[in-house]
Every structure is written in C-alpha cells, then in structure tokens.
Amino acid sequence: MSTHSDRIIWRRQLHGSLVILKKNVLLYYLKPPVLIFGVLFPVFFFLAFKMGRHISTGAVVPGMVAMALWFTASAIGPLVTPWERNAKTYERLISSPISLCSILAGDVLSGFAFGCAISVIPVILGLLLTNAEIANVPLLIGVILAGALSFSSLGVLLSAPPAASPSNIMLLSNLVRLPLLFVSGIFVPISQMPAWAGWIAPLSPLSYASALIRTSYGSVPYFPVWLCFLMLFIFTAVLFAASCRFHRMYRAKGL
Amino acid sequence: MIDKASEIESVIRVNNLSRKFGNFTAVDNIDFQVDRGEIFGFLGPNGAGKTTTIRMLTGIIEPTSGSAIIQGHDIRKESILSREHIAVVPEQANVYLDLSVWRNLMLMAELYGVPRDRRINEGERLLDALGLMNKKDSKARELSKGLKQRLMLCAALVTDPEVLFLDEPTSGLDVQSARLIRKIVTELNDDGLTVFITTHNMIEAGDICSRVAIINKGRIAAIDTPGNLRSMVRKHHYVEAVFREQAPPLKKLEAIPDVTGVECDKEVFRLYTETPGSVATMLVILTLDLGLELEQLNTRKPSLEDVFLYYTGEGGK
C-alpha cells in the first residue's frame with residue numbers, strides 16, 4: 001500500500017513528465033529533423049508507392065495512416081536527448097528532482113502527442129479525397145493511441161547511445177525504422193508478403209498497428225485484434241523499460 | 001532518510017567519495033563537510049576533480065564508491081530527495097537558446113514544482129535584481145555570455161534552493177556581470193543560503209568564501225578558512241622592503257638569519273622567511289649599519305594564490 005509521501009512523489013514525477021512534454025512541444029516539434037523524417041518521409045514514401053501503379057488511392061490510405069503514425073511518433077525521441085546533450089541542457093534536466101524515467105516518460109508523451117496529431121491528417125484527407133471509409137472508428141482511435149505510445153517508446157530507446165551529433169542518432173533511427181517499414185504490411189498486407197517476411201513481421205510493433213488500421217478500414221484482420229493490442233502494450237512496456245536501462249547506462253557518457 | 005541532529009548543521013557531508021573513469025581516478029576518496037550558511041570554495045587546477053565532484057553531488061554522475069549526504073538525504077539512495085534541495089549553475093550557461101528568458105525561467109521553476117503564483121513573483125523579482133527585466137521576452141540566444149550566466153543564476157534561484165552549486169560562475173564574464181553575480185551570491189548567503197562554489201579566481205575565493213578546500217589530482221590537499229590557509233604556508237611569508245636611493249648587496253640580504261630566499265622586482269625586495277618579524281628587525285639593523293635608508297617595510301602573508309600553488313605542487317611544496 002502506498003504511503004502519502006509516495007503519492008506526493010509520484011504526483012511530482014508525473015508533473016515533471018508533463019513539464020518535459022511542454023518543453024518538447026515548445027522546442028522540438030518544428031525542428032527540421034522532425035519535419036523531414038517525421039512528416040516529409042511518409043509523404044515521399046506514399047508518392048513512391050502510389051505513382052505509376054494501378055492501385056486505388058483509397059486502398060493505400062490505411063498504409064499511409066500507419067506510415068504517418070510510425071514516422072511521426074518515433075521522430076521526437078531520437079532528436080530530444082542527443083540535441084540536449086549537444087546543447088548541454090541535458091545536465092540541467094538530470095540534476096533536477098525528476099527521475100530519469102520521468103524525463104523519458106515526458107519524451108514518450110511528446111512523441112505520442114505528435115504522432116496522434118499528425119496521423120489524423122491522412123485519416124481526414126483519406127475521407128475527403130478518396131473512397132476510403134472507416135469501418136470501425138473506436139478501433140482506429142484505439143490503434144492510433146496504442147501505436148503512437150509504442151512507436152514513441154522505440155524512438156526514445158534509439159536516442160540512448162551518446163553521439164557526437166544529433167544527426168548520428170537520426171541516422172541510426174532510420175536504419176531501424178526503414179527496414180521495419182518494409183516487413184510490417186504497410187505497402188503490402190502481411191498475408192500477401194513472401195513467407196520469410198511473414199516470419200519477421202511479428203517482431204515489429206508496426207505490423208500489429210498496421211494490421212489493426214487495416215481492420216478499422218474494413219479489411220479481414222491478419223492478427224486477432226486483442227493480440228495486436230496486447231503486443232503493442234508489451235512492446236511499449238519492453239521498449240520503455242529498455243530505454244530507462246540504456247539511458248541510465250549512458251547517462252554520464254559524453255557530458 | 002538520515003535524521004541525526006549532529007548532521008543537521010552539515011548541509012553537505014561527503015565520505016570517501018570516489019569516481020573512476022576506466023582506469024583513471026578523477027576523484028579519490030575525498031571527505032569534507034559544508035555547514036549551513038557557508039560559502040564553501042572548491043579550488044583546484046584543471047582536471048583536479050572539481051567538476052566531477054559537483055556532478056556527483058548534483059546527481060549528474062554516480063560515484064564509484066563512497067557516500068555523500070545532502071540535507072540528510074543520501075545522493076545514491078535518495079537521489080531525487082537530495083536534488084530537491086539544490087540548484088546548479090554550471091560553468092557553461094546551458095539555457096534553452098530557442099526559448100525566451102521568461103520561458104527558460106518558468107520552465108525550471110515548473111520542473112521543481114514551484115507553485116504558479118510564487119514562480120511568477122519570484123521570477124520577476126529575480127529578473128529585476130539581476131538586470132534582465134528588459135530582456136524578459138528576448139530569446140536566450142540573443143543574450144551575451146554574461147547575461148546568459150545571469151539567467152542561469154535566476155533559473156537556479158527561482159527554485160528556492162537551500163544549497164546552491166556554482167561551477168566557475170564568473171569564468172570569462174565581463175566585470176559587471178561577475179561583480180553582480182558575486183554580490184547576489186553574497187547577499188543570498190547573508191540570508192542563509194549555503195553555497196558550494198568552484199572557481200579559479202583566487203581573489204574571488206579569498207573575498208567571499210567562508211572556507212575553501214583545495215583539491216589536487218582527485219584528492220583534498222587542504223581545507224580551512226582562507227586566512228588560516230595563508231598562515232599555514234609559513235615558508236611563503238615574506239618581508240617586503242623598498243630602499244631609498246641605494247639597496248644593500250643581495251648577499252647581505254640573503255645572509256640575514258632565517259631568510260630562505262630573496263627576490264627583487266625592480267626596486268622591491270622580498271625576503272622569504274618563516275619568521276617575518278625578526279627578519280624585519282634584522283633588516284632595519286642591517287640598513288642602519290650600512291648607512292642606508294628604508295622607504296617602505298612590510299611583512300606579508302602569502303596570498304591565496306600562493307597557498308593554491310603551494311598545495312597543488314607548483315609552489316615548491
């Protein structure tokens with residue numbers, strides 16, 4: 001049973017995470033690396049996939065939503081810590097009475113909020129400009145929330161290694177994000193992918209989000225819905241726990 | 001939480017604290033304590049372990065061994081609680097350059113959970129006191145180095161700390177900013193704030209510190225008040241003399257009993273000795289015997305800089 005002082009400490013830590021979220025919104029949402037890797041990347045991938053192929057625009061909307069969610073939610077994490085280490089502001093944060101995990105939780109919330117907000121854009125554009133129809137709105141909202149949390153945690157984990165420059169971590173994050181994009185059923189449903197890709201797909205959190213988004217647009221679910229949500233929450237928990245561990249390990253490096 | 005009455009007056013208590021980086025020992029089993037209301041100077045040459053010590057005490061890096069207690073909280077076991085009592089002004093002003101002066105200040109206050117009304121009132125009072133009110137809405141990147149350092153001090157003080165850590169706070173600053181920061185720190189100390197300061201500026205340390213510790217190669221070489229440290233380095237006491245028209249021959253000065261060395265800088269002679277009073281008397285007698293005349297005669301204690309050089313191995317220890 002938690003004591004009164006424990007509750008106060010928890011409340012202070014939660015408040016600290018929200019202050020970190022506010023700081024990140026003010027400082028990082030409009031930084032060029034976030035806009036390039038978080039917003040422009042999915043647009044270019046969409047164009048590369050769509051142009052010159054006989055696929056109805058409506059059919060690519062679920063993939064576009066999944067891709068936007070993937071890139072935007074995981075774009076903030078790899079930027080914040082390397083940027084702050086570089087600017088020496090990281091020391092201020094870790095000497096404040098906020099635990100490292102609370103700081104990272106604030107970073108996860110920043111990616112989560114950014115991912116959710118930007119993912120709404122392809123959803124709305126799909127409804128306005130294409131024949132795509134949402135079959136299950138609560139499911140779509142649920143997967144955007146769960147997926148954003150999971151992808152944002154991945155972004156925060158990727159920012160753990162100390163780097164001479166923030167661009168090194170952005171490169172690393174793309175080395176992880178891009179291969180996963182191609183085996184997660186974004187462009188082609190997992191059921192239609194080669195067998196080897198079908199084996200790798202369950203290892204990617206994007207596969208479950210992508211499958212759920214397709215289901216919310218009326219496709220037959222590749223994975224059971226409950227399993228997708230369970231896996232997204234497991235990915236979130238594991239990735240966040242790993243973030244706390246690795247950030248703690250590398251905390252003093254390169255300061 | 002350690003709640004012994006004997007430790008209440010010791011705001012910081014450090015026991016056998018060490019930090020290694022691979023095979024290199026940056027801080028080697030240091031012990032000291034800082035009492036409530038002190039300005040405690042931490043002096044040492046570059047690479048001596050000053051910043052590593054501050055970083056351990058402020059939770060930025062973890063000690064390899066040993067312990068430190070701040071306001072009754074162990075920095076390892078109760079890290080967050082110990083950090084609630086402190087604020088840090090690092091050597092390099094690490095403000096958020098893309099935020100305004102006011103936003104920087106409020107962000108820090110919010111992070112420390114300072115209530116809204118208090119952070120606004122305190123923020124405005126501090127900006128006024130540190131001459132930043134007219135820069136309130138300017139982006140931090142537009143500030144000069146001195147103004148950024150003032151903002152760092154504001155951001156530290158707005159959290160209402162009980163212990164303020166200052167790492168080379170006036171290094172490389174313009175005279176006005178350095179003087180203002182010293183003035184504010186001294187005034188806050190008069191009001192009860194405990195200050196832990198590292199500096200290379202020996203005059204600053206001698207002027208404002210209640211006690212100083214000299215750290216060299218990761219170990220504490222000496223701790224005491226600046227006055228006591230100056231007295232302890234007896235071989236650096238000297239008699240300073242200026243002669244009218246003609247000075248005695250150097251050999252005669254060196255032959256005075258207890259004189260360990262003589263330096264001459266233009267017309268000023270320095271006779272180093274552990275017994276400056278008797279050497280001054282002998283010098284007067286010698287001058288009269290030679291039919292010469294003294295224009296000035298003073299006995300001097302070593303400066304804090306002499307003490308520093310003595311303990312860091314560059315002053316003939």
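Where in chain B is B:K266 found? B:K266 is in the loop between β12 (259–265) and β13 (268–273) of chain B. Helices here are DSSP runs of H or I with at least four residues, strands are runs of E with at least two, and both are numbered from the N terminus. I will come back to that loop.

Some ground rules. This is a predicted model, where local features need pLDDT of at least 70, side-chain atom pairs count only at pLDDT 80 or more, and totals for chains, interfaces and linings use all residues. Residues are numbered from 1 along each chain as its sequence is written, while chains are lettered from A and ligands numbered from 1 in the order in which they are written.

Now the overall picture of chain B. Chain B holds 12 helices and 14 strands. Along the principal axes, its C-alpha atoms fill a box of roughly 80 × 45 × 40 Å. The domain assignment gives domain 1 (5–230) and domain 2 (238–300). Such bounds come from an automatic or database assignment. The C-alpha centres of these two domains of chain B are 44 Å apart.

Next, burial. A residue is buried with 20 or more other C-beta atoms within 10 Å of its own, exposed with 12 or fewer, and partly exposed in between; C-beta atoms are placed from the backbone. Chain B has 317 residues, and 46% of them count as buried.

Contacts next. Two residues are in contact if their C-beta atoms, placed from the backbone, lie within 7 Å. Take the contacts in chain B between residues at least 6 apart in sequence: 69% join residues at least 24 apart.

What about the partner chain? In chain B, 19 residues are in contact with 20 residues of chain A. On the chain B side, α3 (79–83) and α4 (101–111) are the elements that give two or more residues. α4(B) gives the most, with three. By class, this side of chain B has 10 nonpolar, five polar and four charged residues. Nonpolar covers Ala, Val, Leu, Ile, Met, Phe, Trp, Tyr, Cys and Pro; charged covers Asp, Glu, Lys and Arg; the others, Gly among them, are polar.

On to a sheet. Four strands of chain B form an open sheet, in the order β2-β1-β4-β5, with antiparallel pairing. β2 (24–35) and β5 (73–74) of chain B stand at the edges with a single partner strand each, so one side of each has no neighbour in the sheet. Strands pair if DSSP finds at least two bridges between them. Five bridges join β1 (residues 10–21) to β4 (residues 65–70) of chain B. Within that pair, B:N15 stands opposite B:S67 in β4(B).

Now one helix. How many of the 13 residues of α6(B) are buried? The count is 12, so α6(B) is largely enclosed by the rest of the structure. Among the buried ones are B:L147, B:L151 and B:C154. The cover over them includes β6 (86–89), α5 (116–129) and α7 (175–190) of chain B.

Last, two backbone angles. Most residues other than glycine have a negative phi. B:N16 has a positive phi of about 50° and is not a glycine. B:N16 sits in strand β1 of chain B. B:N16 is partly exposed, with 13 other C-beta atoms within 10 Å. Back to B:K266: its phi is near 55°, also positive in a residue other than glycine. B:K266 counts as exposed, with 6 C-beta neighbours inside 10 Å.
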